[in-house]
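Please look over the structure shown below and keep it at hand while reading this report. The sections that follow take up a few of its parts in turn.

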Amino acid sequence: MLPLVRSRRAWVYVLSVAALLVPAAGIAYLGAVSYRDERGAVSAQNERQRRVALGIAARIDGAIEAALDVALLASQASSHGQASTGTPLARYWFSIGPDQALEFPRASPDGVERSDFDLGTGCARARLEDCLRALSTRQSRIARLHVAQGHEAAASWARALQMYGALAPFDDTGPAALLGLARVHRKLAEPGAAGRALAELERRFPERTFDGVPLRLASATLRAEAGPDRLLAVAEDVLAGKYALDPILRLGVLARLRQRLPKELPPALQQRRSLLDERVASIRNEAKAAAGLAEDVGEIVKTATPAWRGRVATREPLRTLLYRRRPDGGVIGISVDAPMLEAAATFDRSDERGVARGARPLVLAAGASAGPDLRTIVQVPLGTQLPHLSLAVVNPATEPDPLDAVIRERSQRHVVYTSALAIALGLGLLATIRGAVRARELAQLKSDFVSTVSHELKTPLTSIRMFAEMLEQGVAKGDLEKMARYHGVIVQESHRLGLLIANLLDYAQIERGTRRYAPSRQRIVEVARHAVATFETLRDPELGVRNPIHVEVSPEAMRAEINVDREVLVQALLNLVSNAAKYGGEAPIQVSVGAEATTTGISVRDHGAGIPAAEQPRIFREFYRAPEAYRSGVEGTGLGLALVKRHVEALGGTVEVASAVGQGATFTLHLPRAAAEVG
């Protein structure tokens with residue numbers, strides 16, 4: 001016999017080990033297959049993303065070619081380089097002529113004189129002593145000119161007029177002296193004299209400049225101080241190129257003219273000033289662009305070919321200069337930055353689907369990486385023409401990694417199989433443990449139940465037998481009152497025994513699935529009162545303390561009807577009232593009957609020790625009794641509340657408990673009203 005037992009134990013051990021090793025081996029195999037498939041899926045996804053990135057780079061290349069064509073047409077359409085390209089990538093374009101000079105944007109126009117006043121003395125052919133004499137005389141007049149300007153600044157108008165008048169006839173000091181005379185006469189409110197001085201200036205020195213500013217522009221400015229409309233007209237002439245000025249001087253003149261304009265202007269003049277401001281901004285940008293290109297012109301001319309190429313701007317490392325040789329030997333080019341190239345990529349939904357959700361192109365310096373909040377999906381160079389740049393396709397780090405999605409998609413079957421094996425293994429182990437624990441708990445509960453039921457059955461039987469023997473032996477001796485009391489005890493204990501047996505039979509039928517119900521239309525108030533009356537009948541008359549029972553019925557419940565098995569519902573209520581009497585102490589028991597539109601309710605409340613929250617879900621389990629019930633010394637089988645729950649749910653209702661420690665407990669039965677009544 002012993003070897004047979006050992007053999008069985010060995011087989012149990014073998015099967016237990018097999019139950020662990022077989023799923024583990026299956027999981028390992030599926031993991032290896034999944035890893036192989038994942039590698040292939042990752043490679044395919046990487047290649048697909050690389051093709052998308054190369055397609056984007058090709059579109060950028062095409063956009064650059066198109067932008068250079070547009071810039072070439074713009075340079076041919078406007079000799080001053082002011083034509084609008086209409087293409088965002090060609091917005092900042094430039095052109096270099098065959099003579100290697102920057103045509104657009106222009107740093108300074110052709111023919112601008114940058115000399116001071118022509119103060120020549122005619123010494124080229126004169127004798128040395130004559131030149132020295134003329135130079136000394138010239139320096140003396142210049143010194144007197146400075147003194148006259150000092151008198152003007154000190155508001156010594158008469159002295160300034162005298163000295164300016166003495167210096168006006170000479171060619172070297174005449175321009176400055178005539179301007180000074182015009183200014184002083186304006187200060188003295190003598191517009192006629194000021195106008196004559198300016199007319200003589202324009203007649204004698206029509207082409208003379210001072211620090212690159214034509215004297216006729218200075219004359220026009222002085223004349224225009226008579227009104228804002230004339231100041232705006234002079235500014236518009238400057239913008240139109242009437243005066244030969246380089247962009248820097250032009251900006252200075254325009255800024256001086258704008259300062260002289262009043263802040264408040266009529267609507268028509270205000271519109272003209274707005275247009276002036278826009279053109280000033282354009283000139284400022286043109287001058288800035290020309291200055292930024294100045295250091296790159298030589299290298300661009302040297303390296304330009306019919307095929308476009310790019311280089312980093314010397315002054316602005318974040319700018320890229322794209323250029324190519326023109327048919328006439330000049331160079332056409334555009335200045336771009338990374339956002340402009342990204343916009344030219346024309347990234348669309350099809351690209352996003354091929355890469356990842358939320359993906360977008362990003363132009364970076366070669367070797368650079370995206371920020372920490374971005375995930376680089378694929379990165380490719382932008383070609384040999386742009387060796388300093390690369391194209392990265394990125395998406396937010398908060399979005400899912402596209403490779404993760406591919407892996408999930410490709411390995412879904414293996415994950416399902418592996419998960420199923422693992423879940424089966426875990427569930428089997430959990431079920432085994434729970435089954436063992438439950439079996440042990442159930443065995444203990446059944447053992448306690450058998451002991452309790454034996455005691456519960458023995459108590460009424462003992463009372464019945466004792467009082468029956470007393471009647472048989474004639475203990476009452478003809479005392480009718482005593483005989484009636486003995487008969488009453490026998491009847492009550494018989495009812496009590498019958499209720500206990502009915503509970504046991506109900507439980508047995510429910511467990512076998514043979515319990516049948518016979519519902520009929522009943523008035524809920526009558527059922528509740530019948531259950532209370534039955535309980536009062538079953539009470540032990542020998543007990544001195546009897547919990548009073550108060551029945552409360554709402555007006556709506558007086559006419560409410562339900563479809564129930566009357567005996568089953570009465571039995572359920574007897575169990576609740578009996579528990580309230582057992583555990584409620586001497587306090588009254590409250591039975592409340594209520595009704596709503598579609599439901600009815602019967603509540604039984606006691607004022608006992610209450611039920612802890614942790615125990616409330618368990619008290620409806622078969623054979624279970626809370627530890628407090630055991631400590632109270634009250635007898636019970638642990639079937640009453642379980643049968644209440646089973647019966648009420650079978651009748652289409654629910655049971656709930658509300659309790660707090662030290663505040664009693666309230667059990668409520670909810671049952672639907674009869675359908676015809678509700679309608």
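## Asn579 and its contacts

Once its neighbours within four places in sequence are set aside, Asn579 is in contact with Gly584 and Leu641. The model in which these contacts are found is a predicted one. Asn579 belongs to helix α17, which runs over residues 566-583, and with a relative accessibility of 19% Asn579 counts as buried, since the word buried is used here for values under 20%.

## Helix α4

Helix α4 covers residues 174-187, and its 14 residues reach 20 Å from the first C-alpha to the last, which is close to the 20 Å expected at 1.5 Å a residue. Of these 14 residues, 11 are buried, so helix α4 is largely enclosed by the rest of the structure. Among the buried residues of α4 are Gly174, Pro175, Leu178, Leu179, Val184 and His185. Just after α4 comes Ala189, which takes a positive phi of about 60 degrees.

Strands of a sheet pair through backbone hydrogen bonds, and the pairing can be either parallel or antiparallel. In this model, three strands form an open sheet in the order β8-β10-β9, and their pairing is antiparallel. The edge strands are β8, residues 360-365, and β9, residues 374-381, each of which pairs on one side only. If direction is ignored, neighbouring strands of this sheet are turned by 35 degrees against each other on average.

The pairing of β8 with strand β10, which spans residues 389-396, is antiparallel and extends over six bridges.

Side chains of opposite charge can pair when their charged atoms come close. In this model the count comes to 19 salt bridges. One of them joins the side chains of Arg324 and Glu65, with a distance of 3.0 Å from N to O. Arg324 lies in strand β6 (residues 320-325) while Glu65 lies in helix α1 (residues 2-77), so this pair ties together parts that are 259 residues apart in sequence. Arg324 counts as buried at 10% relative accessibility, whereas Glu65 is partly exposed, with a relative accessible area of 30%. Both residues also belong to a network of salt bridges that links Glu65, Asp69 and Arg324.

Glu236 and Arg272 form a salt bridge as well, and their closest N and O atoms are 2.9 Å apart. Because Glu236 lies in helix α7 (residues 228-239) and Arg272 in helix α9 (residues 267-293), the pair ties together parts that are 36 residues apart in sequence. Glu236 is partly exposed, with a relative accessible area of 31%, and Arg272 is partly exposed too, with a value of 27%.

## The pair Glu556 and Arg559

A further salt bridge is formed by Glu556 with Arg559, and here the closest N and O atoms are 3.2 Å apart. Which of the labels buried, partly exposed or exposed applies to Arg559? At 53% relative accessibility, Arg559 counts as exposed, because that label is given to values over 50%.

Definitions and conventions:
Residues numbered from 1 in each chain as written. Predicted model: local features only at pLDDT ≥ 70, side-chain atom pairs only at ≥ 80, totals over all residues. Heavy atoms only, no water. Pairing = 2+ DSSP bridges. Helix = DSSP H or I, 4+ residues; strand = E, 2+ residues; numbered from the N terminus. Axes fitted to C-alpha atoms, helices over the stretch in contact; angles between N-to-C directions. Salt bridge = Lys/Arg side-chain N within 4 Å of Asp/Glu carboxyl O. Buried < 20%, exposed > 50% of the residue type's maximum accessible area, 1.4 Å probe, protein only. Contact = heavy atoms within 4.5 Å. Expected span 1.5 Å × (residues − 1).
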